[in-house]
Structure formats: C-alpha cells, structure tokens
Amino acid sequence: MDDLIVTVAPCGAETTREQAPAVPFTPAEIAAETRRAFDAGARMVHVHSRWDDGTPTQDGARYTETVAAIRSQVPEIIVQVSTGGAIGMSAEERLGSLEAAPEMASLTCGTVNFGRGVFENPAPLMLEFARAQLAAGVKPELEIFDAGHLDNAAWLVGKAPLAGSQHFDLVLNVPGGLRGTPANLLMLAGRLPEGSTWSATGIGRAFLPISATALAAGGHVRCGFEDQVELEPGVRARSNADLVERIVGLGGLLGRAPASPARAREILGLRPAE
Ligand code: KMH
Ligand code: ZN
C-alpha cells in the first residue's frame, strides 16, 4: 500500500457548536480530539486556537498552551499551526501562532473571497510570512484556494527560496474560491512543481469527491471540523475521528494506508521527531 498522510483540522476559526456540537475550543479539548484523530490514522494536525468561548485567536501564549496540550497527548503527530487565523486579523496578529514552535505552518498564496468576507493575502504579506517561517525553521504548507494562487506560490518561492521540496494543500470549494470538482483538483495537481508533495481539502459537500480524487491521484488528504461537518450529505460527523476514519477507509479501498509518523516526516522533509 502507498503511504497516506491524513491531516486533521479539528476546529478552524469559524465552525460553531451549532454546526458541529463536538467542535473543540480549549487546549484540552483540541488535544483530546487530536488524539482520537491520530488513533484513527491522522498524522498531522492543522491547529487553530480559540478562547474558551470559541472566539478565534492567534495569541502566541494561547497557541503555545494548545500545542503543548497536543504534544502531551499525541507526541508523535506533526504540528502545523495556522497563520491564516480568521478574516480581519492583522498580519502581525496572524504571525503570533509561530511562537508555539511548530514543525509547519500554513501560508496562503493569495487573496480570495471567503464566504461573505475577503481572506486577504497580498504579495507583501505572503513574503513577510515566508521569511518569518524560514527564520523560525518552520516548513510552510502552501495553501491554494484558486488557480492563480499557484502562480503566486511560484513568485513567492522565487523571492524567498524554501529549503527542500514544496508542500501544498489544494483547498477546493470555499465559497468564493475554486469549485470542488475532480477536474479542478486534477488541474491544480497537474500544475505543481516537480517533486512537490500535496494534500487536498474538499470543503463541505466536496469532502468525498475531492478526497477520493486525491487518494486515487497519489495526493494526501486533509479533513476535520474546520472543513466539513458531515460525513456525507445529511449525516453529521460525531467527531473529527469519524471524518479521518472515512478517509482511511476510502484510502484502504484505493491501496493507500496511513504512513507511520516517522515515514510521514520523511515524506514531508521534516526532521525526525526527538
Ligand atoms: N480561517 C480562514 C480565514 C489557514 O489556516 O491558513 C483561513 C484559514 C487558512 O483557515
Ligand atoms: Zn486553517
């Protein structure tokens, strides 16, 4: 079986308890959901921090606390923090998450309409974020929400050369971004630089078609309450682990099995865990 890296995105910045009653907010809740997701086969966690009432925050101390809780419960998992935060946050605020000393961090490669708002990532911000991540020894995950973002990523890598291979997350079906169709995913995957690694994220109803296409095409997959709250139309996921289990099951049918944590780090060009 070919190696599969499932990333779990347990809460994001936007998902509410009305949408997903089990969405975790506190460091302990996020760590417990991450443990269940790891046991189901997830090998990386995309972390957003929230205050206890669910308000999203990029506060460095809160991220440090959240990442410490995750590492104490799930020492093997790859920790990737968000630098996207929530719409309307300043660049300085968004970079607060790097204080948690993650192995990886997200880096969105362009501005995109995002529901009723605009997720702003102009060129100077992208460059500032790339340089901050390089200086901190953090590997970026280049987030692609639309086709032009791949051109922005190539420009960015020209200005701030990243060490080693590039890793992309192709995010489809954000309202305002590229629609979540298999054809769109294959178009993006076909345009990635030689030697890149990639995962795909199918937002909402694009969960199954995008995940299945990525698995068949050799990509990795991200899922979790940040991205979808239903296992299939009309069937709520009870936990992040339910979503991970669905991907691992689909992967098994398609000849893919969860990589060991050590192999996942090797594939992504990360240092072995201590
Ligand atoms: N919450 C979105 C506005 C990221 O984490 O880098 C941005 C986001 C992307 O979630
Ligand atoms: Zn995110």
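A polar contact is a pair of N or O atoms within 3.5 Å; within protein, one must be able to donate a hydrogen and the other to accept it, and residues adjacent in sequence count only if both atoms are side-chain atoms. The model is predicted, with local features needing pLDDT of at least 70 and side-chain atom pairs pLDDT 80 or more, while totals for chains, interfaces and linings use all residues. Side-chain values rest on heavy atoms, without hydrogens and water, residues are numbered from 1 along each chain as its sequence is written, and chains are lettered from A and ligands numbered from 1 in the order in which they are written.

We can start with ligand 1. A polar side-chain atom of H46 lies 3.0 Å from one of its oxygen atoms. A nitrogen atom of ligand 1 has a polar side-chain atom of E14 at 2.7 Å, and a backbone N or O atom of G85 lies 2.8 Å from a nitrogen atom of the ligand. On its own, ligand 1 has 300 Å² of accessible area (Shrake-Rupley method, 1.4 Å probe), and the protein covers 98% of this. The residues around ligand 1 (a heavy atom within 4 Å) include H48, S82, T108, F114, F119 and E226. By class, this shell has three nonpolar, seven polar and two charged residues; Ala, Val, Leu, Ile, Met, Phe, Trp, Tyr, Cys and Pro count as nonpolar, Asp, Glu, Lys and Arg as charged, and the others, Gly among them, as polar.

Two of these neighbours, F114 and F119, lead on to the aromatic rings. The structure holds three aromatic pairs, where rings of Phe, Tyr and Trp (its six-membered ring) pair if their centres lie within 6.5 Å, with planes under 30 degrees apart counting as stacked, over 60 as edge-to-face and the rest as tilted. F114 and F119 have ring centres 5.9 Å apart and planes at 70°, so they pair edge-to-face. F114 is partly exposed, with a relative accessible area of 22%, whereas F119 is buried at 9% (buried is under 20%, exposed over 50%, partly exposed in between; 1.4 Å probe, protein chains only).

F119 also pairs edge-to-face with F145, because the centres are 5.9 Å apart and the planes stand at 80°. F119 lies in strand β9 and F145 in the loop between β10 and α5, so this pair ties together parts 26 residues apart in sequence. Helices (H or I, at least four residues) and strands (E, at least two) are DSSP runs, numbered from the N terminus. Ring pairs link F114, F119 and F145 into a cluster.
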